[in-house]
Amino acid sequence: MVEGICALGGIPFPQRLSPEKMTRKRIAVIGAGVSGLSSIKCCLEEDLEPVCFERTDDIGGLWRFQENPEEGRASIYKSLIINTSKEMMCFSDYPIPDDFPNYMHNSQIMEYYRMYAREFNLLKYIRFKTTVCSVKKRPDFPTSGQWDIVTESNGKQEVNVFDGVMVCTGHHTNAHLPLESFPGIEKFKGQYFHSRDYKDPQGFTGKRVIVIGIGNSGGDLAVEISHTAKQVFLSTRRGAWILNRVGDNGYPFDIVFNSRFKHSIIQFLSLSAKNSFIEKRMNSRFDHEMYGLKPMHRALSQHPTVNDDLPNRIISGRVQIKGNVKEFTETAAIFEDGTREDNIDAVIFATGYSFDFPFLEDSVRVVKNKISLYKRVFPPDLEKPTLAIIGLVQPLGAIMPISELQGRWATQVFKDEETEASRVG
């Protein structure tokens with residue numbers, strides 16, 4: 001039998017499989033971010049043959065900083081620090097070095113990912129600068145569970161067959177910019193853009209800036225810009241519960257909060273009691289109502305905002321909390337409570353992201369930024385469980401351990417989907 005070698009990356013790509021390789025299933029991993037890297041490793045641990053397709057020229061996904069955002073890839077700002085401690089975010093079999101800080105800068109996170117990829121020899125399974133155009137069921141999919149995948153690299157398309165697919169493209173790619181909800185924005189003479197395009201605060205020196213949205217990005221940007229701007233206004237429709245990274249006695253909050261002792265107590269509490277406990281802890285640092293941040297929702301019903309510095313910037317007047325913007329004029333913003341702020345120079349929309357999987361066509365449907373997945377991994381309507389979505393979650397904590405566990409489960413299902421089908425069917 002003849003076996004072809006792909007010129008891009010030197011990865012063996014069988015054209016006709018020899019008998020000894022017929023039993024080794026080939027898995028397509030789409031994306032070489034954190035979920036993609038752990039998925040490659042999970043494939044190798046189950047004796048599967050992974051081929052990872054990465055549209056850019058490097059690993060890292062969300063965490064790889066670039067001055068100029070790339071189309072179709074997540075983008076972060078220069079100062080971004082992770083909200084989860086290194087003890088809680090590391091992979092199970094590769095601890096983060098002791099000399100790294102508890103909460104790491106994005107450059108240190110990238111350094112860790114590179115160390116992880118080198119340690120387990122993952123790079124040789126990645127085809128860089130390769131875009132996945134389509135993932136389609138083969139005609140015999142109900143019995144084979146196989147997929148035809150069309151990829152493009154250097155202007156040339158290639159079609160190959162895979163026994164399983166792991167989609168690791170994340171959900172911070174497409175900026176959600178709801179300009180239709182802000183009448184008059186088209187008349188506004190200042191600059192306005194999505195937080196995806198923000199990189200550093202230098203361009204806002206001496207300016208009056210509105211940041212819309214109080215998620216993690218909105219809080220971070222408001223704090224950072226307030227060090228150079230004349231005034232920052234943080235606009236929020238419904239407030240937010242604010243967590244801080246530093247917990248009791250200076251330890252990382254997530255380590256203190258997630259102890260076995262506290263878990264053993266909390267599991268016996270009602271949801272209302274859990275909310276009250278957490279809200280009391282957060283209010284002990286600063287009264288959310290007094291700071292204009294107390295939301296209508298309870299602490300556990302929505303994702304909280306992690307920000308150590310926001311209360312300090314509010315109490316010093318550098319950040320002012322405002323309600324939702326009702327409309328814009330050429331130079332001002334009018335808020336729903338009737339107040340008005342004039343001479344606004346810039347508006348930053350920290351309004352989140354949307355996601356889709358255009359290459360999957362009808363196999364997976366995204367409706368209003370939601371998707372139906374069994375245990376948040378497997379599309380439930382497929383005849384064979386040979387497609388897994390990895391890392392499409394927004395946990396209170398790090399995604400890395402979750403992606404690793406999802407990858408372990410998915411690859412075990414791929415290895416013997418006949419036995420495991422009953423678990424996902």
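The model is a predicted one. Gly-292 sits in the loop that runs between helix H8 and strand E13 (305-306).

**Gly-292 and Arg-238**
- In sequence, Gly-292 and Arg-238 are 54 residues apart.
- In space, the C-alpha atoms of Gly-292 and Arg-238 are 9.9 Å apart.

**Helix H8**
- Helix H8 spans residues 271-285, which is 15 residues.
- From its first C-alpha to its last, H8 reaches 22 Å, close to the 21 Å expected at 1.5 Å a residue.
- The buried residues in H8 include Asn-275, Ile-278, Glu-279 and Met-282.
- These four lie on the same side of H8, because they cover an arc of only 100° around the axis.
- Lys-280 and Ser-284 are exposed and are carried on the face of H8 turned away from its buried side.

**Nonpolar surface patch**
- Phe-261, Ile-265 and Leu-269 form a nonpolar patch on the surface.
- Together, Phe-261, Ile-265 and Leu-269 have about 290 Å² of accessible area.
- Phe-261 belongs to helix H7, which covers residues 260-266.
- Phe-261 has a relative accessible area of 60% and is therefore exposed, the cut-off being over 50%.

Definitions and conventions: Residues numbered from 1 in each chain as written. Predicted model: local features only at pLDDT ≥ 70, side-chain atom pairs only at ≥ 80, totals over all residues. Heavy atoms only, no water. Patch = residues over 30% accessible without salt bridge, like charges linked within 9 Å, V, L, I, M, F, W, Y side chains within 5 Å. Areas by Shrake-Rupley, 256 points an atom, 1.4 Å probe, with all protein chains shown as cover. Salt bridge = Lys/Arg side-chain N within 4 Å of Asp/Glu carboxyl O. Helix = DSSP H or I, 4+ residues; strand = E, 2+ residues; numbered from the N terminus. Buried < 20%, exposed > 50% of the residue type's maximum accessible area, 1.4 Å probe, protein only. Expected span 1.5 Å × (residues − 1). Arc of directions from axis to C-beta.
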